[in-house]
Structure formats: structure tokens, C-alpha cells
Amino acid sequence: MPVDKIGVSGDSRIEYKTATLNGHNYSYLLSQPKSGEYESTVFLIHGFPDLSIGWRYQIPMIVDMGFRVVAPDCLGYGRTDAPDEIAPYSHKSCAADIKALATHLGETQIILGGHDWQATLGKLLFPEPQS
């Protein structure tokens, strides 16, 4: 059985989108069920070195499960800005950008998936409650 994966170009199941987040231009993939209705939004954050299309095997499966999927090119990768200064690349700054993208898309809660270095963003986006 062939693997269902997103094509690198010309695949109608994804849209290439852009947004300006905290002063940086981000590129991201957006995919959702054909009905336009979805249960939640899943953000897939790539690791080092990679691109959003690295999630091409997972996106169709997650969409088929009834979720909207957002896979950004992280700062410095793909079609997203690559600032010369170092501060925007901190985990805290990158987490703020992902939160801004979620807000841009009208989400107050997301399901976060990540690998490699970007998996640590979850701790910054969803810190342990302070007692």
C-alpha cells in the first residue's frame, strides 16, 4: 500500500500561507478537512535542520482524523525570515512567535507536536502552573 504523503509542490491538500508575527514574516503550511470543520488545531514544529514540509507524512493522517494542521517554517528556515541578530532565535522568542501564529489563526488552544530542538517549545508555551 503506498504511503499517503503531501507533495512538495502542487498538492491541493495544503495551502502555503504567510503571516507577520512579532515583526518577522513567517511561512507556514495549512491543511484542514475538506468539510472545513475540524475538532482542534495541531501545530507541527520542525527540528534542526528541517522545513515544514518535513511533516508531509503526518499531515494527511492528522487531517483525516478531523484536525486542522499548521506547520510553520521556523525562524531562519525556508520562506520564513532569517534575522541577523541572535535574540529572535531564543526558545522564548520562538515560542512567542508560535503563540502569535495561533492567535493569528483564531486559536486560544492548540495541540503541539514537535521534534528535536523545537519540542522544547511546549514547555515555554504551556509552563507548569506556579503554586
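**View 1. Pairing of strands S2 and S4 in the predicted model.** Tyr 28 stands opposite Pro 72 in S4, and strands S2 and S4 (residues 68–72) pair in the antiparallel sense over four bridges. Strands here are DSSP runs of E with at least two residues, helices are runs of H or I with at least four residues, and both are numbered from the N terminus; two strands count as paired if DSSP finds at least two bridges between them. This is a predicted model, in which local features need pLDDT of at least 70 and side-chain atom pairs count only at pLDDT 80 or more, whereas totals for chains, interfaces and linings use all residues. Residues are numbered from 1 along each chain as its sequence is written, and side-chain values use heavy atoms, with hydrogens and water left out.

**View 2. The hairpin of S1 and S2.** Strand S1 (residues 15–21) runs antiparallel to S2 and is joined to it by seven bridges, with Thr 18 having Ser 27 in S2 as its bridge partner. Two residues lie between the strands of this hairpin, where Asn 22 takes a positive phi near 50 degrees. Seven of the eight residues of S2 (residues 24–31) are buried, that is, under 20% relative accessible area with a 1.4 Å probe and protein chains only, against over 50% for exposed and in between for partly exposed.

**View 3. The five-stranded sheet.** The strands form an open sheet in the order S1-S2-S4-S3-S5, with mixed pairing. Because S1 and strand S5 (111–114) stand at the edges with a single partner strand each, one side of each is left without a neighbour in the sheet. Inside the sheet, S3 and S4 pair in the parallel sense over three bridges, and Val 42 has Val 69 in S4 as its bridge partner.

**View 4. The largest nonpolar core.** This core has 17 residues, of which Leu 21, Tyr 28, Phe 43, Val 70, Leu 101 and Leu 105 touch the most other members; a nonpolar core is a set of buried Ala, Val, Leu, Ile, Met, Phe, Trp, Tyr and Cys residues joined through side-chain atoms within 4.5 Å. S1, S2, strand S3 (41–45) and helix H2 (91–104) each supply at least two residues of this core, and H2 gives the most, with four residues.

**View 5. A charge over a ring.** The charged end of Arg 79 sits over the ring of Tyr 16, 4.6 Å from its centre; the rule asks for NZ of Lys or CZ of Arg within 6 Å of the ring centre and within 35 degrees of the ring normal.
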